[in-house]
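Subject: Structure handover

Hello,

Here is the structure I promised to pass on. Please have it open while you read; my notes follow below.

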Amino acid sequence: MSIDRATIEKLGELAKILISESNVEVTTRSINDVLTLVDQLQAVDTAGVRPLANPLDATQRLRSDVVTEPDCRDQFQALAPAAENGLYLVPKVIE
Amino acid sequence: MHQKTLAELREGLIKREFSSVEVTQHFLERIARLDERFNCFISVTEDAALARAREADKTLAAGGAPALCGLPVAHKDIFCTRGVRTSCGSQMLDNFIPPYDAAVVENFNDAGVVVLGKTNMDEFAMGSSNETSWYGAVKNPWDVRCVPGGSSGGSAAAVAAGMAPGVTATDTGGSIRQPAALCGITGLKPTYGRVSRWGMIAFASSLDQGGPMARSAEDVALLLNAMASFDPRDSTSAERAVPDYTADLSTDLSGLRIGVPREYFDEGLNPATEQVVREALRELESQGAVLKDIDLPHAKLSVPAYYVIAPAEASANLSRFDGVRYGYRCDAPADLPDMFKRSRAEGFGDEVKRRILVGTYCLSAGYYDAYYNKAMQVRRLIKEDFVAAFADVDVVAGPTCPNPAFEFGAKGDNPVAMYLEDIYTIAANLAGLPAMSLPCGFVDNKPVGLQLIGQYFQEARMLNVAHRYQQATSWHRRMPPDID
């Protein structure tokens, strides 16, 4: 299955990655290379085969719904590109 | 000093033949002198290392020291280290200083190690050559024109060049075994869930597994003893006791059944590599092991299945890098969508972006069944091949890689040519099986790796085979030429 420029632009939107005009062509080509590789899967008969998500067929352990993490807000916010008064700052969303 | 194995350094420390400060200084001096040539380290933590070494010397003098007390190691820069930058080889995390230690780092600290620094890697562990690192590629100590393999190339080359006697690494599709093979050292990817993923920056969570690298199988066993644990903070951590991986290293190989997959000796395998690997199998046979041909009919599908599953999981895991809470943010964003899109476009390199886009495509409406679900079905077929094979054999053996180390730029701009270098390693990740690589000879003066794949949680059996092989051979003792 080969993808075109419109699909690449849509993927960039979904993945929130800006694909500049000068990169559209090379990105499309290399992603098509990968999709050509993975298209080999289409020839395999997998009727009735259960998908394997965890290699040991394990399910996630559950734990009690109690707070176990300490409050590290100040430490975490010290890492942020912009934070103020305990809040993360981003460009204005609503005018 | 740097030619000694960890086991030998440990004995010397316990007998007080030398101090941890002396050992640590020796390796720090080598890093300072040699790393300009090889680019193995992203960060060197000299002061903290010497402080830890002084502490270790006191503990060693007092007696009752923990298992790895005073031994220097380096961590792949994918494991979070409190107060020390953890970049994952990416500009995205160039300024990221974690406020906590990964479980693996905690375990090693509890075992008494001295941390020399953080090693270079392919960006977010996506690569087989180390060429995707934002900090520049690592050079192969055996031939600086060649790649060290990836993604744990800095870890592997640091051991090969004698800049660290043991290191941590991670393996999602071969990232421990392939660089171990290309750099002529020993590395082990444990069973999925054996080593905690807590604090290990996620790439593809159903495949990622941390593991150790060192010169010898005995050293790898020592490191795995400290590294493996059950950790309730990792929701897929294996809830079972950790055995002593050194206990059965010397067990006789008589009657051991080794499965040799026909598919791992196909036309894609370099004939000179095949010869070296066959010779290694004959050595195991001469020690009493029985070689049996086996079939893994779906093995050839592991690369295509992986390049759906790993990118799909990566596209979800890497969505957290948005320029809001930590990591890179672009300059002067016009609005919120512009901030997300430019921060990610500028902060990630080409290979990471390619995989996120492929993963996004495979998970998008209308394609999920054709790609993601199909790949997970093929994943089960690949696993069932191994389950069937292990009914008749104890371990599987073959080449780690189809070729020895290739030159920088050799794979051109087609990503698939690079992906095919992992053709023999990926299946163990898809199946969740433990696997390792150990040096077994040379082609064109470049190291070749023998791969062993074990039954679930039978790491000790593989280590036993590897140790017996290393007792009879000296490939793991070879050092690259021209490194003083």
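Let me start with one residue. B:S437 lies in strand β10 (residues 435-443) of chain B. Helices (H or I, at least four residues) and strands (E, at least two) are DSSP runs, numbered from the N terminus. B:S437 is buried, with 36 other C-beta atoms within 10 Å. The term works like this: a residue is buried if 20 or more other C-beta atoms lie within 10 Å of its own, exposed if 12 or fewer, and partly exposed in between, with C-beta atoms placed from the backbone.

A word on the basis. This is a predicted model, in which local features need pLDDT of at least 70 and side-chain atom pairs count only at pLDDT 80 or more, while totals for chains, interfaces and linings use all residues. Residues are numbered from 1 along each chain as its sequence is written, and chains are lettered from A and ligands numbered from 1 in the order in which they are written.

Back to B:S437. Which residues does B:S437 touch, not counting residues up to four places away in sequence? They are B:R177, B:A180, B:A181, B:G187, B:T400, B:G449, B:L450 and B:Q451. Contact means that the C-beta atoms of two residues, placed from the backbone, lie within 7 Å. B:Q178 is 259 residues from B:S437 along the chain, yet their C-alpha atoms are separated by 7.6 Å.

B:A160 sits in helix α5 of chain B. B:A160 counts as buried, with 29 C-beta neighbours inside 10 Å. B:R477 is 317 residues away in sequence, but 9.9 Å away in space, C-alpha to C-alpha. Leaving out residues up to four places away in sequence, B:A160 touches B:P141, B:C183, B:G184, B:I185 and B:P480.

Next, the core. The largest nonpolar core has 165 residues. Such a core is a set of buried Ala, Val, Leu, Ile, Met, Phe, Trp, Tyr and Cys residues joined through C-beta atoms within 7 Å. B:L116, B:V308 and B:L452 have the most contacts inside the core. Helix α9 (residues 302-317) of chain B gives the most to this core, with nine residues. Beyond its neighbours within four places in sequence, B:L452 is in contact with B:V395, B:A397, B:A435, B:M436, B:M462, B:V465 and B:A466.

Now the two chains. How many residues of chain B are in contact with chain A? There are 55, and they meet 37 residues of chain A. α12(B) gives the most to the side of chain B that touches chain A, with eleven residues. That side divides into 31 nonpolar, twelve polar and twelve charged residues. Here Ala, Val, Leu, Ile, Met, Phe, Trp, Tyr, Cys and Pro count as nonpolar, Asp, Glu, Lys and Arg as charged, and the others, Gly among them, as polar.

One helix pair spans the chains. Helix α2 (residues 21-38) of chain A and α9(B) pack at an angle of about 125°, with their axes 8 Å apart. Axes are lines fitted to C-alpha atoms, for helices over the stretch in contact, and angles run from 0 to 180 degrees between N-to-C directions. α2(A) and α9(B) are therefore oblique to each other. Angles under 35 degrees count as roughly parallel, over 145 as roughly antiparallel, 65 to 115 as roughly perpendicular and the rest as oblique. The contact joins A:V34, A:L37 and A:V38 of α2(A) to B:V303, B:P304, B:Y307 and B:V308 of α9(B). By class, this contact has seven nonpolar, no polar and no charged residues.

α9(B) also packs against α12(B), at an angle of about 130° and with the axes 9 Å apart. That makes α9(B) oblique to α12(B). Among the α9(B) residues in this contact are B:V308 and B:I309. The contact has ten nonpolar, one polar and one charged residues.

The peptide bond from B:G150 to B:S151 is cis, with omega near 10°. B:S151 is in the loop between β3 (114-119) and α5 (153-160) of chain B. B:F124 is found in the loop between β3 and α5 too. B:F124 is not a glycine, but has a positive phi of about 50°. B:A332, also not a glycine, has a positive phi of about 40°.

Best wishes
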